[in-house]
Amino acid sequence: MPNVSVCDIDDAVKGAVKKFRFRKFETNSALILKVDRQAQAISVDSEIEISGLDELQDYLPSHEPRYVVYTCKLEHRDGRISFPMCFIYITPRDCQTDLQIMYAGTKLALQKEVNLSHVYEVRELDELTDEWLMSKLLK
């Protein structure tokens, strides 16, 4: 099956993802990406430093999907500290069908572009918590 993308991923978004990936992290940070309906392209919504996923919920609309590239401080049992990077696709159940299709149709292409091994999907913002993510990362 060919890799079909509904929305374009332009060079500005690719550059923002690359810059985000290669910066030195000392805090939890998120790069929020959204679909620009008129341009049928992915665009950067915002880049923020936050205390955790609970705070991230304040930056996300409850009625529209978003893609989030997120990095957080993870303290391992042996004392090591790492900053794993995750790709999180948020798709609320009650968002408009055409918007869901645009996001779902572009998800795999964007996922391939960001090239991260930690890939997750949530349906509701209140599922997006630090505890939820730690349960995934520490498996």
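Mentor: Buried means under 20% relative accessible area, exposed means over 50%, and partly exposed is in between, with a 1.4 Å probe and protein chains only. The model is predicted, so local features need pLDDT of at least 70 and side-chain atom pairs count only at pLDDT 80 or more, while totals for chains, interfaces and linings use all residues. Residues are numbered from 1 along each chain as its sequence is written, and side-chain values use heavy atoms, with hydrogens and water left out.

Trainee: Is cysteine 7 buried or exposed?

Mentor: Cysteine 7 is buried, at 2% relative accessible area. Cysteine 72 is buried too, with a relative accessibility of 2%.

Trainee: Change of topic. What is the order of elements in the protein chain?

Mentor: Reading from the N terminus, β-α-β-β-α-β-β-β-β-α-β-α. That is four helices and eight strands, taken as DSSP runs numbered from the N terminus: H or I of at least four residues for helices, E of at least two for strands.

Trainee: How compact is the protein chain?

Mentor: As compact as a globular protein of its length, because its radius of gyration is 15 Å, close to the 14 Å from the globule rule for 139 residues. The radius is taken over C-alpha atoms, and the rule is 2.2 Å times the number of residues to the power 0.38. The C-alpha atoms fill a box of roughly 45 × 30 × 30 Å along the principal axes. Of the 139 residues, 44% are buried.

Trainee: Now the backbone. What is phi of glutamine 40?

Mentor: Near 50 degrees, which is positive in a residue other than glycine. Glutamine 40 sits in the loop between β2 (28–36) and β3 (41–50), and is partly exposed at 41% relative accessibility.

Trainee: Where is asparagine 115?

Mentor: In the loop between α3 (97–114) and β8 (118–122). Phi of asparagine 115 is also positive, near 50 degrees, again in a residue other than glycine.

Trainee: Asparagine 115, buried or exposed?

Mentor: Exposed, with a relative accessibility of 57%.
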